[in-house]
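Hello,

I am handing over the structure below. My notes on it follow, written for someone who has not seen it before.

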Amino acid sequence: MSNNKRQKFKLDGWINLNKPKGIGSTPALGAVKRALNPMKAGHGGTLDPLASGVLPIALGEATKTVAYAMDADKAYEFEITWGENRDTQDAEGKVTGTSDARPTKEQIIAALPALIGRIDQIPPKYSAIKVDGERAYDLARAGEDVELKSRPVTIHDLVLLDQTRDSARFSVHCGKGTYIRSIARDLAQALGTAGFVSELIRTRVGPFTLESAISLDLF
């Protein structure tokens, strides 16, 4: 009986992958594994399917250092669309509230300092945080009322990049455990309106930058 198992290769190191929108981190890792067939592989920080950008992939011995990537500072560019709250706090969710209020550029800039520094942040209920042994997003999808406690996070910088009447784009440099969807929620609330993350691009994870990331199409 023939052995149809593909030979696995001893590959050690990191791949700086530019994950496209529309695919989760695990399927992206799977595509790399199918192409290279390494003995061992893992990724250094989950990106939701609606997000794109830097997804570090560790191969072989590098998997022992994944924790360093998970703990590293990260940078993102993101867009908030004003006027609607969503249960997931991103474009995938159901509308839970609306507002006709639209913040001015001056109002946005004035509200940003309160979100910079060492702050307490409540994670989104649609997150991977465990509550009594269950993932918060599983409980939320099952219709349960999920209440998460605030956690200290560090936001080094938060800058307004561009603005239209109905949306605004930002860049953020933050520490581990920071949720961009929570930033959008808290900023919209501070501005007296509603808002959700309509685009999210991770531009850096530790030393891995978007400029040097390679396309998933190569695999």
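**Helix α1 and its neighbours**

The buried residues of α1 pack against β1 (13–19), β2 (41–43) and β3 (51–59); contact here means heavy atoms within 4.5 Å. Helices (H or I, at least four residues) and strands (E, at least two) are DSSP runs, numbered from the N terminus.

This is a predicted model, in which local features need pLDDT of at least 70 and side-chain atom pairs count only at pLDDT 80 or more, while totals for chains, interfaces and linings use all residues. Residues are numbered from 1 along each chain as its sequence is written, and side-chain values use heavy atoms, with hydrogens and water left out.

Helix α1 covers residues 25–36 and spans 17 Å from first to last C-alpha, close to the expected 16 Å (1.5 Å times one less than its number of residues). Its buried residues are Ser25, Ala28, Leu29, Gly30, Ala31 and Val32; buried means under 20% relative accessible area, exposed over 50%, partly exposed in between (1.4 Å probe, protein chains only). Asparagine 37 follows α1 and has a positive phi, near 50 degrees.

**Salt bridges**

There are eight salt bridges in the structure, each a side-chain nitrogen of Lys or Arg within 4 Å of a carboxyl oxygen of Asp or Glu. One of them joins arginine 169 and glutamate 199, at 2.6 Å from N to O. This pair links strand β11 (residues 167–174) to strand β12 (residues 195–205), its members being 30 residues apart. Glutamate 199 is partly exposed, at 30%.

Aspartate 186 pairs with arginine 185, with N and O 2.8 Å apart at the closest. Shared partners join Arg102, Arg165 and Asp166 into one network.

Regards
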